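Could you look through this structure with me before we discuss it? I have set out my reading as numbered points, for you to check against the model.

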Amino acid sequence: MVTTQQDYYEVLGVARDADQSAIKDSFRQLAMKYHPDRNKSPDAEEKFKKIAEAYAILSDPKKRAQYDTGGFAGVADFSAEDLFGGIDFGDLFGDMGFGFNVAGSGGGGIFERLFRHQQTGIRKGKGRDIEVEVMVSLDAINKGSEESIRLNHPVSCSACKGSGAEAGSEPRKCEACGGSGQKVTSRKETRDKSSVMFQQISSCPICHGQGIFIDKPCKKCNGTGQIDKAESLKVKIPKGAVDGMALRITGHGMPSPTPDGTPGDLYVIVQTELDKRFQRAGADLWRTATINIVDAVLGTQIDIPALDKNIKLNVPAGTQHDEILRLRGKGLPRLDDAGRGDLKVRMQINIPEKITDEERKLYEQLRQLSRKQKQHWYN
């Protein structure tokens, strides 16, 4: 199954260099708009959850740095308590009449109701997530496409089902640590007439933290429980996919560290290929067009490439250098069929370095005419 995970900055509608004040203000506005007790649309709750998760990551400098560096995989191991436990929602909404308990996930409010069963990343026995990039053309983003992804990564050995032990045998549990891989040392101290128990946890020195011994290693994986596998996957790119969008393919990440666990997920990060026709800015497309002085003065019509076919652009008389002409709705589609961006054309005026004698005479006549007009205005 492939699911779309939208970039956290896109969710909050802020720039990647936005300060904490801008992030907080955007979250407050969006949370008020999509709070499911106020907004009764079917998708309000899901949007609210995305907004809250994005704020939890971007409002914490450490989590934000992990996300900026490693993408979704960099913040995949946070539980709901990790995300919301340290946020003072009372400070955010206490004066806004929200009418609900805004305490963290331990406070019994909406964040407990929505997130108490949710973890954004590694569950017990789940393998690590993998992140890969796919370069997608503007034409594919315009119409949506299906892209092929090739990767080579470890998977659970099919012969031993990830146990590392030869078929017909099983790993032997370490008796010293009971299979936990940890050695626990306890001591009791009395302080101020009270007893305090201290525990020190370290790796088991007998099994070196593995918890098991494999007497008959699997011949296929040499007892590791994993083998390398080359995969070719098809990923559907939605129309209007934005740079940094993460498409999740469940179960195609790293294998579980335990035989009874589940593999991690594969995150496919969408990036736009360079295009010689346009530069992309969100849903808008930019292009530079060059015309000569005469056409800038008198106006003209030029052919401009667009995503589907060439279109005619009317250049008005008196167009200035670096002036931007806008073709509305000729850019990329926005996600969720929310309209289209624009095609913006930056006009450049070409000034010839060399001219003919006849052209020089005409330019001299224009200069004389211009001077006469100025004198007339002054008089």
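The points below go from the whole protein to one helix, then to charged pairs and a surface patch.

1. This is a predicted model, in which local features need pLDDT of at least 70 and side-chain atom pairs count only at pLDDT 80 or more, while totals for chains, interfaces and linings use all residues. Residues are numbered from 1 along each chain as its sequence is written, and side-chain values use heavy atoms, with hydrogens and water left out.

2. The protein has ten helices and 16 strands, where helices (H or I, at least four residues) and strands (E, at least two) are DSSP runs numbered from the N terminus. Of its 379 residues, 38% are buried; here buried means under 20% relative accessible area, exposed means over 50%, and partly exposed lies in between (1.4 Å probe, protein chains only).

3. In helix 4, which covers residues 61-70, the buried residues are Lys-63, Arg-64 and Tyr-67. Seen down the helix axis, these buried residues fall within an arc of 100 degrees, so they line one face of helix 4; the arc is taken from the directions from the helix axis to the C-beta atoms. Pro-61, Lys-62 and Thr-69, on the other side of helix 4, are exposed. Just after this helix, Gly-71 takes a positive phi of about 65 degrees.

4. The whole structure holds eleven salt bridges, each being a side-chain nitrogen of Lys or Arg within 4 Å of a carboxyl oxygen of Asp or Glu. One of them joins Arg-16 to Asp-7, with the closest N and O atoms 3.2 Å apart. Asp-7 is buried at 3% relative accessibility, whereas Arg-16 is partly exposed at 47%. Arg-16 also forms a salt bridge with Asp-68 (3.8 Å, N to O). This second pair links distant parts of the chain, with Arg-16 in the loop between helix 1 (8-12) and helix 2 (20-34) and Asp-68 in helix 4, 52 residues apart.

5. Another salt bridge is formed by the side chains of Glu-364 and Arg-367 (2.9 Å, N to O). Because these two residues are three apart in helix 10, Arg-367 and Glu-364 are separated by about one helical turn.

6. Val-294, Val-297, Leu-298, Ile-355, Tyr-363, Leu-366 and Leu-369 form a nonpolar patch on the surface, together giving about 640 Å² of accessible area. Helix 9 (293-298) and helix 10 (357-378) are the elements that each give two or more residues to the patch. Such patches are made of residues with over 30% relative accessible area and no salt bridge, like charges being joined within 9 Å and nonpolar side chains (Val, Leu, Ile, Met, Phe, Trp, Tyr) within 5 Å; accessible areas come from the Shrake-Rupley method with a 1.4 Å probe, and for residues only the protein chains shown count as cover.
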